[in-house]
Amino acid sequence: MTDLSRYRNIGIFAHVDAGKTTTTERILKLTGKIHKLGEVHDGAATTDFMDQEKERGITIQSAATTCFWKDHRLNIIDTPGHVDFTIEVYRSLKVLDGGVGVFCGSGGVEPQSETNWRYANDSEVARIIYVNKLDRVGADFFRVVDQVKRILAAKPLVMVLPIGKQENFKGVVDLLTRKSWVWDDSGDPMNYTIGEVPDDMKDDVEQYRAELIETAVETDEEVMMAYLEGQEPDIETLKRCIRKGTINLDFFPTYCGSSFKNKGVQLVLDAVVDYLPDPTEVKPQPEVDLEGNETGQFAIVDPDKPLRSLAFKIMDDRYGALTFVRLYSGRMQKGQNILNTFTGKEERISRIVMMHANSREEIDSASAGDIVALLGMKNTQTGHTLADPDDPATLEPMVFPDPVISIAIAAKDKGHVDKLANALGKMVAEDPSFRVETDEESGETILKGMGELHLDIKVDILKRTHGVEVIVGKPQVAYRETISKRIQDSYTHKKQSGGSGQFGKIDYTIEPGEPGSGFSFESKVVGGNVPKEYWPAIEKGFRLSCDQGVLAKYPCVDVKVTLLDGAYHAVDSSAIAFEIAAKAAYRQSIPKAGPKILEPIMKLDVFTPDEHVGDVIGDISRRRGMVQGQESGPTGVRIKAEAPLSEMFGYIGDLRSMTSGRGQFSMEFSHYADCPNNVAEEVIAARKK
């Protein structure tokens with residue numbers, strides 16, 4: 001089937017525990033992909049196939065699956081909700097055309113929902129909203145709709161109204177058709193009746209339906225003029241208007257239900273088909289050259305155009321490395337050679353498979369709009385473009401955040417050393433937010449990640465998936481260094497040892513750069529005192545030196561170097577002489593420029609029952625945290641705060657004991673800030689040991 005208008009590439013994303021994976025299970029059951037439902041809390045969900053996912057009841061990897069609904073093909077990616085794994089959400093959204101944002105009926109718009117929504121906005125992904133768990137105590141559809149407006153600054157377009165509240169929730173009213181969908185209590189999603197609107201809901205239905213029509217007709221001037229003259233559009237016209245507004249991100253069709261009780265999921269599936277874009281209706285991906293500059297060309301979704309595909313995920317399984325790719329244009333065949341534009345090397349596709357979580361179905365070819373997995377890719381990594389060797393181009397690559405936390409590990413015995421290196425190599429290929437380095441001084445292996453849970457899972461995968469026992473050290477914080485003063489200085493590198501010597505003189509200023517700017521370099525040399533061809537070498541010398549600060553050998557950031565003047569020798573000067581001069585100049589001047597330590601500050605979102613608010617706020621203050629606001633909800637209070645990462649280790653255990661096990665929190669990196677003197681002294685002392 002190559003009719004692209006019948007393709008939907010969608011992702012399901014939400015805060016942890018909002019019911020994404022359960023919703024995916026219901027979709028697979030309704031579309032006939034599975035026959036027995038697996039529950040997350042039993043560790044039996046189809047898309048949660050890792051041991052760690054089954055035990056913890058959370059999704060860690062995004063899983064891909066394909067199913068069919070009303071003659072449309074749905075490629076679905078179930079993404080993780082936990083903040084430590086947002087990288088999975090980010091890279092999934094990058095290759096999807098549409099999304100379903102799942103929100104908990106009682107929890108509402110939770111911290112991770114905000115982050116995921118922001119990612120989806122950045123990727124300009126059209127979405128529908130599904131408010132789940134309406135059978136829960138404290139669930140309130142209208143409160144969640146209001147939070148979407150307030151917290152996400154989004155425009156929800158209410159498409160259904162719930163019938164019954166909390167434990168009495170039994171179905172929904174479809175506002176377009178003015179029909180009620182009521183499910184019985186058998187738990188079978190097919191046991192429903194379509195009937196008339198309950199009498200006590202008629203006024204609400206008319207009010208919300210009028211709002212729906214008014215919002216929808218704004219997308220089409222002709223339809224709006226007819227409506228203003230008293231002519232109500234028919235349902236097909238309304239659907240066309242809603243589709244247009246959804247694709248333009250003007251509003252987000254909003255549904256509700258209870259996935260666990262099998263109520264309301266059919267209407268969400270219908271909405272995916274009716275309102276989310278097919279691959280041809282999405283803005284085409286811009287092509288860039290090898291330096292990363294946009295060429296003005298786009299990868300148009302068309303099987304007859306040259307091949308353009310993006311590798312968005314690597315997964316290692318018992319058959320070898322699987323490379324998940326999204327095809328934007330062109331076709332790929334089994335046995336074909338394709339060009340990796342990042343490495344410049346051609347690779348041969350040995351097999352192409354359609355994925356259903358961790359089982360697969362082999363196919364001979366794939367074309368524009370498909371999401372498939374390839375076997376046999378040796379050097380392809382996340383973010384690489386696979387293109388036609390005769391007509392190469394690169395798609396906009398993915399940008400991943402830097403890790404903020406690290407731990408030292410060592411193999412338990414000599415027999416596991418090689419095994420550890422192999423396992424870590426595979427894990428780094430799978431997860432771009434996970435880094436592995438070797439500490440040159442101690443020889444230790446350092447794992448770096450996005451949070452404690454992230455690294456905890458990685459150690460668990462090493463043990464169970466790869467059979468490597470490791471000894472784990474204490475978590476370490478990724479500090480940074482910077483400077484606080486402007487220094488004007490000069491350095492001359494001179495070396496004579498018979499034959500041609502080395503000579504390079506530079507006059508420069510070093511000053512604090514804008515926060516978050518990293519390293520910047522500028523030359524103000526006029527005339528030929530330092531020839532232009534030596535400027536890159538001077539910049540390189542300073543840039544490489546910034547990898548190690550002078551206080552505790554942490555990277556030095558937010559530094560601006562300006563080259564003012566200098567001198568060269570017609571025979572003895574060379575690029576290497578000026579690079580050495582720049583490195584020595586850095587060592588000479590940085591200690592004079594007021595160096596200081598920066599520490600990572602995390603954004604916290606803490607949920608606590610009302611009676612423990614005082615204890616939780618007091619504890620955050622003791623951790624040098626700053627509370628920035630709090631918001632009362634039906635089941636407790638959400639506290640927003642910022643706190644240094646170094647004070648947050650083991651926080652989940654402390655929070656649970658303070659709140660009798662009912663507290664929850666999520667944490668993500670916010671920014672770097674000055675480290676207090678007493679803490680900085682401890683950090684420097686620890687590095688010198």
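A nonpolar core is taken here as a set of buried Ala, Val, Leu, Ile, Met, Phe, Trp, Tyr and Cys residues joined through side-chain atoms within 4.5 Å, where buried means under 20% relative accessible area, exposed over 50%, and partly exposed anything in between (1.4 Å probe, protein chains only). The model is a predicted one, so local features need pLDDT of at least 70 and side-chain atom pairs count only at pLDDT 80 or more, while totals for chains, interfaces and linings use all residues. Residues are numbered from 1 along each chain as its sequence is written, and side-chain values use heavy atoms, with hydrogens and water left out.

What does Tyr255 touch, leaving aside its neighbours within four places in sequence? With contact meaning heavy atoms within 4.5 Å, the list for Tyr255 runs to Ile129, Tyr130, Val131, Phe141, Met159, Val160, Leu267, Val268, Ala271 and Tyr275. In soluble globular proteins, nonpolar side chains tend to be buried together.

Turning to charge pairs, a salt bridge is a side-chain nitrogen of Lys or Arg within 4 Å of a carboxyl oxygen of Asp or Glu, and by this rule the count is 32. One of them joins Lys261 to Asp135, at 3.3 Å from N to O. That pair ties together distant parts of the chain, 126 residues apart: Lys261 sits in the loop between β11 (252-256) and α9 (265-275), and Asp135 in the loop between β5 (126-132) and α5 (141-152). Lys261 is partly exposed, at 38% relative accessible area, whereas Asp135 is buried, at 19%.

Arg623 and Asp654 also pair up, with an N to O distance of 2.6 Å. Here again distant parts of the chain are linked, 31 residues apart, with Arg623 in the loop between α14 (613-622) and β35 (626-632) and Asp654 in helix α15 (residues 651-658). Arg623 is buried at 9% relative accessibility, while Asp654 is partly exposed at 35%. Through salt bridges that share partners, Asp619, Arg622, Arg623 and Asp654 join into one network.

Glu539 and Arg543 are separated by about one helical turn because they lie 4 residues apart in helix α12 (residues 535-545). Both ends are partly exposed, Glu539 at 25% and Arg543 at 41%.

Helix α12 also packs against a neighbour. Its axis comes within 7 Å of that of helix α13 (residues 575-589), and the two cross at roughly 40°; axes are lines fitted to C-alpha atoms, for helices over the stretch in contact, and angles run from 0 to 180 degrees between N-to-C directions. The crossing is right-handed, that is, the near helix is turned clockwise from the far one by less than a right angle. On the α12 side the contact takes in Ala537, Ile538, Lys540, Gly541, Phe542, Leu544 and Ser545, and on the α13 side Ala575, Phe578, Glu579, Ala582, Lys583, Ala585 and Tyr586. These residues split into 9 nonpolar, 2 polar and 3 charged (Ala, Val, Leu, Ile, Met, Phe, Trp, Tyr, Cys and Pro count as nonpolar, Asp, Glu, Lys and Arg as charged, and the others, Gly among them, as polar).

Most residues other than glycine have a negative phi. Lys70, not a glycine, has a positive phi of about 50°, and Asp71, not a glycine either, has one of about 65°. Lys70 lies in the loop between β2 (63-69) and β3 (72-78), and Asp71 is placed in the loop between β2 and β3. Lys70 is exposed at 52%, and Asp71 is exposed at 59%. Asn75, in strand β3, is by contrast buried at 3%.
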